[in-house]
Structures are given as C-alpha cells and as structure tokens.
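Here's a quick tour of a structure, written for someone who is just starting out. Have a look at it first, and then we'll go through some of its features.

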Amino acid sequence: MNHLSSIQLNNFRNLAKQEIELCNSTNVFIGANGSGKTNLLESISLLEPGRGFKKKSLETLSEFKNNNPWIVYTKYNQNNNVTGISITFDKTSNGLIKKRILIDGNTTKETLEKNYGLKVVWFLPEMERLFIGSPSIRRNFVDRISYSFDSSVLKNISLYKKLIRERSLILKQNNFDNAWIDTIEDKIANLGYQIIISRKKTITILNQIFNEILNKKQNINICKLSIYGTIEEKINEIIDDNKSIAIFKDELIKYREEDRIKGLCSIGPHRSDLEVIYLKNQVDASLCSTGQQKEIILSILLCQCYCLVKKFNISPIVLLDEVCSHLDDNTRSILLSLTGWLNIQVLMTGTDKNLFSFLSTKSKFFVINNGKVKNE
Ligand SMILES: Nc1ncnc2c1ncn2[C@@H]1O[C@H](COP(=O)(O)OP(=O)(O)O)[C@@H](O)[C@H]1O
Ligand SMILES: [Mg+2]
C-alpha cells in the first residue's frame, strides 16, 4: 500500500516551516477557519499534475511576506520503499512559471503517477454544488475520474479544446479554406469520439462498482450514472467506430454556418452533461437534498478509489476538506469504507473534533493553529 509518511513545508501559504508525520490510515486536522487546513491539503494536491486543486498560479502560493519560493517535500512510502519527492516551481528566462519535481534530490522528468503510482483524489466543499452548477463542472468531474484511470485523457481533452477554438477562428474568416476546416473537423471528430468513449468506459466501471460491490458488500446506496448530449444520442446505437466518427464529422459540417454566426461549436462532447439518478428515491441528483448530494459525490469517489485499488493496484491519497458537515449514517458509512475497507490513506479537515468521533481509534488527530500543525 502506498502512502505519504511525512510532509515538510517551506514558505507554502500561511503554513509555517515544519514537518508533519502522517499515519498510513486516517489523519484528521482540526482548526478554526483560516488556520490553514485547506492550504495543507492543497500542498498535497500539487503532487498531481497541474496547479493543485485551487488551480492558482504557482508563484502565488508562496508566503506573502517572503520572497523565497515554496517547496513541499514529502516522503512517499511504496510498499516500504521510501522516495523523497519535492515539488516547487521555476521561473524560466521568458517569465514562464513551471512546476519542478525532484526525486531524492534530483530534478526528474518522470511522472509521479506513471513511475510511482502516486494519485491524489479530493473532495472540496465547493464540490457540494456539483449538481446545481453548470454542466462544465460535471464534465470536469467525470474527466478527472477518467484521467485517474487513463492518463491519456487529459492530453486528448486539451488538444480537443484547442481544435474547437481553432475551428471557430477559421469559421470567423469570410473566405475560409475548405480543405483546412475539413482537416480540423476530422481531428475534432476523431478526438471527440475518443473522449466520448473514455467517458463511457468510466461511467460503465462506476455503475458496475455501485451495483456489484458497493451496494452488496458495503450497503451503500446505488447511483446510476450516464452521460447525455446531442452527439451521444446520434451515435449511441452504433458499434462501428469509423461510422460514429463519420456521423460526428457530418454533424460538424451541418452546423458550420450556424456555428460561424454564433461563434461556437454546437456539437461534441464539450456540450455533454452527466446525469446521476439516486436510485433509492428514483430521483435526479439535482433534486436531492444537500446532504444526499454530498453522499452521492462521496460514493462516486469511493467507486473511483475502489477501481484504483482493485483494478490498477494503486492506493490513492484521499483529501477530504470540511467533509464532516451534514453527515448522516449513509455518508458516514462511505467515509468508513474509504478508511477501513479500502485501507487507503486519508487526510480530512474540520473545525470540531466531535464531528470525527465515528472514526476508528487508528486515526491520527492534529490541531492546526495559525499555520502551525501539532499532534493532538
Ligand atoms: N500566499 C499566502 N501567504 C500567506 N498566507 C496566505 C497565503 N494564501 C492564503 N493565506 C492565508 O491562509 C489563510 C487561509 O487558510 P485556509 O487553509 O484556507 O484556512 P482553513 O483552515 O479555513 O481552511 C488565510 O488567513 C489566508 O490569508
Ligand atoms: Mg478551508
């Protein structure tokens, strides 16, 4: 089982220079608002590719009053092999900010997920708005899960988005070159189709885990997930990949004129949405109570973790920020499944220790005060 055995912080937001020894099961950080709980979890989220869960520019994460760049150093334990991983950033000569990863003190191009099986899964309070926010939030939610199963997903999506922008720019020109737009649309249809397929695979896996494992073994309420959109409807019944791609391409051609006027791309997986039905009440997740919506999101994350552990043999590190508000027995059993049943390392935060009394005695409690973390 992989886990972080310690984390050392330097100049990271309001967190003082310090080293925190973590346990390999559940670590709970208790502190008042503004004490630095989210900052601490954010520092760990930087182990994933990208800018961490807040997606802020890397240079803004350094301590306000200090000119030195932040460094987060962790000891990563993989079946008792310990690797020192540092993350920081560099400013290139042309002013670009780039993340830098060091393995045992040496700069590396290796990726932490591919070479070290290091993955981080998180729940943030703002995710409670998943079912009432815009479709793009739900698409990102699904794509992040797909990406944790297959790292090529991220590259496909960013390339796809670039092509969509390129198509809009070409259409804007009065006398655009037909051969040029044809090439772009071919690429859009190909990549877009791959995105549709990867989402479909993810949804199938999650539904299967809900039905066959979570409900039967852990007595967790089932959700039924699906992705819907105009393009999905058009190719849903078609088995032949090339035929589906051709239909996608035809749709793009059909919408050219409309898209030129509107300045967008009307068809494709960038317009799809995730639907979740909470089967116990047979209702759409958007109609469930706030507490139930949280239960649904956490149960989907539990499916994701189950898949990572059982299928890919990777124990993700799970960050749960302010997770213990509006907890009922259903949600508690999800959290206990994460910590007890799947046996993965979890870091949770909250303002009141009493909210965590349901956790096992193996959990380690910390108090965080003004950026300083102490063992309880
Ligand atoms: N770059 C930074 N340097 C110093 N302090 C920061 C920085 N960024 C945020 N903070 C401070 O961190 C505190 C918020 O910490 P946060 O982890 O969000 O608290 P909480 O415990 O409520 O989750 C605020 O007081 C904020 O001013
Ligand atoms: Mg917070």
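## Two pairs of helices

The crossing of H4 and H7 is right-handed, where right-handed means that the near helix is turned clockwise from the far one by less than a right angle, and left-handed that it is turned anticlockwise. H4 covers residues 152–172 and H7 covers residues 241–262, and the two pack at about 45 degrees with their axes 10 Å apart. That angle makes H4 oblique to H7; under 35 degrees counts as roughly parallel, over 145 as roughly antiparallel, 65 to 115 as roughly perpendicular, and the rest as oblique. The axes are lines fitted to C-alpha atoms over the stretch in contact, with angles from 0 to 180 degrees between N-to-C directions.

Now for H3 (residues 135–149) and H8 (residues 290–312): their axes come within 10 Å and cross at roughly 10 degrees. H3 and H8 are therefore roughly parallel to each other, and their crossing is right-handed. Helices (H or I, at least four residues) and strands (E, at least two) are DSSP runs, numbered from the N terminus.

## Around ligand 1

Which residues come nearest to ligand 1? Out of 14 around it, they are Gly34, Lys37, Thr38, Asn39 and Ser62 (being near takes a heavy atom within 4 Å). The shell splits into two nonpolar, nine polar and three charged residues. Here Ala, Val, Leu, Ile, Met, Phe, Trp, Tyr, Cys and Pro count as nonpolar, Asp, Glu, Lys and Arg as charged, and the others, Gly among them, as polar.

The side chain of Thr38 has an N or O atom 2.7 Å from an oxygen atom of ligand 1, and for the side chain of Lys37 that distance is 2.9 Å. The protein covers 75% of the 570 Å² of accessible area that ligand 1 has on its own (Shrake-Rupley method, 1.4 Å probe).

## Two positive phi angles

Most residues other than glycine have a negative phi. Asp104, in the loop between S6 (97–103) and S7 (106–107), has a positive phi of about 45 degrees. Asn313 sits in the loop between H8 and S12 (317–320), and its phi is about 60 degrees, also positive.

## Where this comes from

This is a predicted model: local features need pLDDT of at least 70, side-chain atom pairs count only at pLDDT 80 or more, and totals for chains, interfaces and linings use all residues. Residues are numbered from 1 along each chain as its sequence is written, chains are lettered from A and ligands numbered from 1 in the order in which they are written, and side-chain values use heavy atoms, leaving out hydrogens and water.

Terms used. A polar contact is a pair of N or O atoms within 3.5 Å; within protein, one must be able to donate a hydrogen and the other to accept it, and residues adjacent in sequence count only if both atoms are side-chain atoms.
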